[in-house]
Amino acid sequence: MAGNETTRTATSLGMHLLSSYPDQRRIWQDDLDAVAATAVEEIVRMASPVTYMRRTVAQPINLSGHDFDAGDRLVLFYGAANRDPRVFEDPESFLVQRTPNPHIGFGGPGPHFCLGANLARRELAVVFRQLLTRLPDIDVVGEPVYLDALGVPLVGGVKHLRVRFTPVPRSR
């Protein structure tokens with residue numbers, strides 16, 4: 001599912017975000033090349049396609065005033081971490097030109113950083129370039145319908161996202 005479900009989810013939720021924040025969409029549409037890199041990072045931050053990740057403590061550590069012993073299990077909830085007000089100014093707003101943007105949507109720094117992060121960034125930049133140029137009036141017409149999962153899904157996949165648009169003739 002790595003690089004498949006996560007990128008599809010980021011695409012769907014990115015479209016939902018752009019429809020929810022038309023001013024941010026206009027900023028990106030007005031300068032696709034200059035805004036693509038920061039917009040993609042902001043989509044990954046806000047969409048947080050990976051819901052959580054569990055890790056086992058390897059050696060005793062104190063994190064934020066809490067002691068953990070080797071063998072303890074910790075869970076990182078990406079959506080919460082990517083909206084931490086200690087890290088992000090106005091964390092609940094979608095800002096396509098947000099800098100800096102130290103989100104952990106690709107697993108954060110270190111040995112668990114997503115091997116496909118650069119490919120995912122490129123895929124998202126390409127798909128949104130196509131959507132915003134070939135279907136310039138595309139708009140979401142309903143809430144995302146998420147995949148059914150037992151418990152908390154590792155990836156919060158989108159099953160359906162209804163949109164409307166006026167096709168633009170393909171240039172040759």
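Reader: Which residues is F94 in contact with, leaving aside its neighbours within four places in sequence?

Author: Contact here means heavy atoms within 4.5 Å. With those neighbours left aside, F94 is in contact with L17, L18, Y21, Q24, E42, I43 and M46. Keep in mind that this is a predicted model: local features need pLDDT of at least 70, side-chain atom pairs count only at pLDDT 80 or more, and totals for chains, interfaces and linings use all residues. Residues are numbered from 1 along each chain as its sequence is written, and side-chain values use heavy atoms, with hydrogens and water left out.

Reader: Q24 is on that list. Is Q24 buried or exposed?

Author: Buried means under 20% relative accessible area, exposed over 50%, and partly exposed in between (1.4 Å probe, protein chains only). Q24 counts as buried because its relative accessibility is 7%. Apart from neighbours within four places in sequence, Q24 is in contact with F94, L95, V96 and Q97.

Reader: And which residues of helix α2 are buried?

Author: Helices (H or I, at least four residues) and strands (E, at least two) are DSSP runs, numbered from the N terminus. In α2, residues 22-30, the buried ones are Q24, R25, W28 and Q29. They sit on the same side of α2 because they cover an arc of only 135° around the axis, taking directions from the helix axis to the C-beta atoms. Their cover includes α1 (5-20), α3 (32-47) and α5 (117-134).

Reader: What about the largest nonpolar core: how many residues does it have?

Author: In soluble globular proteins, nonpolar side chains tend to be buried together. A nonpolar core is a set of buried Ala, Val, Leu, Ile, Met, Phe, Trp, Tyr and Cys residues joined through side-chain atoms within 4.5 Å. The largest one here has 26 residues, and M15, L18, W28, F94 and F128 have the most contacts inside it. α1, α3 and α5 each supply at least two residues of this core, with the largest share, eight residues, coming from α3.

Reader: Last one: which element gives the most to the lining of the largest pocket?

Author: β4 gives the most, with four residues. β1 (52-56), β3 (66-68), β4 (73-77) and α4 (78-81) each supply at least two residues of that lining.
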